Amino acid sequence: MSATAGTPPASPANAEAIEAWDGPLFDRFVKYRHVIVAGLKQFGDEAMRIYPPPPGGRVLDIGCGFGDTTQQLAEIVGAGGFAVGVDAAPRFIEAAGTEAEEAGVANVRFDVMDVELASFPERFDYAFSRMGTMFFANPVAALRNVRKALVPGALLVMVVWRSKEENEWLYRPQLVTERFVTKPDEYDEPTCGPGPFSMANADTTSGILMRAGYQEVTLRRCDMPSKAGNGVEEAIDLTMDLGPAGEILRLQGERAAHLHEPIREAMREALAELAGREGVVAPASTWIVSARA
C-alpha cells in the first residue's frame, strides 16, 4: 500500500473547488463522517453488487475521499488485483492512505490527482466513483481521461445524485434556509464546484459520457432512505454545515450570522417531521450509471 500526497498540476477551473474540498469541506466531512459515509455506502454497495469489478482486476476509484470505497474494491478484486484511489484534495488522500495502512490493506494505492489533467501511467479493467464525478468543471475532459486509462471493453460505474427535489434530506433544509437568506452574488470563500446535482438529469449525464467516448450508457434509478443525523439537532448541524444550505451559510459568512438561530428554529420544525427511532431519515435518490470504454 502506498499514498502519494502533494500538489500536482490542477486545472485552473477546478482550483476553487479543490481549495474548498481540501479546506473547510474536508473538516466538515470529518466531523459528520459517521453519518455521511454510512448514508453513501448503501448506494455504493448496490452499485458494486449490480456491476462488480472483475476478480483479479486493476480498478480505479475516482474521487475516493477517505478511501473506504477503494478498500472495498480492493477486497472484491482480491489479492491478485489492485485498486488505485484518486482525489484532487491532498488531505483526503493522506487520510485514505493512513487508514488503509492501519487496516493492513496491501493491494491499494492513493494518488492526489485532478482527473481533468490526468495522464495515467497504467491501464485499468474497471473504474468506479461514488459521488466523485459531479464536481468537475469539465466532466467530459475528466471522463475522457478515465476512458483512455481503461482497457477496451472495461466498465465505468458511477453513483450520482438525482435531482435535489428527490433528495429531501438536503432539499428541505435548503428551502428553509432560503426563506431567510440566499447564496450571495459575491463571496470570499471557495465553492465546491458545479455542485452535487450536476449529473441529476439523465440526458445530461448520458451526453457527457457519449461525448467522452463511452458506449452502452445506462442509468438505473436507486432510491433508499438516507439518514441526516442521529437526532434532530445533529441533522440541523449537518445540513447547516454541508449541502446546499450549508454552502449558502458558509458563503454568506458573518453577514448571515444573526440569522443562524432563527434558521435553526425553522429547521427544527421542518426536520422534526422526519425524525423517528432511527434518527432523522428522509428519501434519497441516485442514478447508478454504467458505461463501457
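Predicted model: local features only at pLDDT ≥ 70, side-chain atom pairs only at ≥ 80, totals over all residues.
A cavity here is a set of points, on a 1 Å grid over the protein atoms alone, where a 1.4 Å probe fits but cannot get out, whereas a pocket is an open set with protein on both sides within 12 Å along at least five of seven lines; lining residues have an atom within 4 Å of a point. Grid points are joined across faces, edges and corners, and a volume is the space filled by probe spheres set on the points.

Local features need pLDDT of at least 70 and side-chain atom pairs count only at pLDDT 80 or more, while totals for chains, interfaces and linings use all residues. Residues are numbered from 1 along each chain as its sequence is written, and side-chain values use heavy atoms, with hydrogens and water left out.

The largest cavity is lined by Val-35, Ile-36, Gly-39, Leu-40, Phe-43, Trp-161, Trp-169, Ser-226 and Lys-227. Helix 3 gives the most to this lining, with 5 residues, and strand 7 (215-229) also supplies at least two. Helices (H or I, at least four residues) and strands (E, at least two) are DSSP runs, numbered from the N terminus.

The second largest pocket has among its lining residues Arg-28, Lys-31, Asp-237, Asp-241, Arg-250 and Arg-264. Helix 2 (24-31), helix 9 (232-241), helix 10 (243-252) and helix 11 (260-272) each supply at least two residues of that lining.

In the table, Ala, Val, Leu, Ile, Met, Phe, Trp, Tyr, Cys and Pro count as nonpolar, Asp, Glu, Lys and Arg as charged, and the others, Gly among them, as polar.

| Space | Volume | Lining residues by class |
|---|---|---|
| Largest cavity | about 40 Å³ | 6 nonpolar, 2 polar, 1 charged |
| Second largest pocket | about 160 Å³ | 3 nonpolar, 3 polar, 6 charged |

Helix 4 (residues 68-77) is mostly covered, with 8 of its 10 residues buried, where buried means under 20% relative accessible area, exposed over 50% and partly exposed in between (1.4 Å probe, protein chains only). The buried residues, including Leu-73, Ala-74 and Val-77, pack against helix 3 (33-50), helix 5 (90-103) and several strands, among them strand 2 (58-62) and strand 5 (124-130), contact being heavy atoms within 4.5 Å. Gly-78, which follows helix 4, has a positive phi near 85°.

With a disulfide taken as a pair of cysteine sulfur atoms within 2.5 Å, the count comes to 0 disulfides. Cys-64 is buried at 4% relative accessibility, and Cys-222 is buried with a relative accessible area of 8%.
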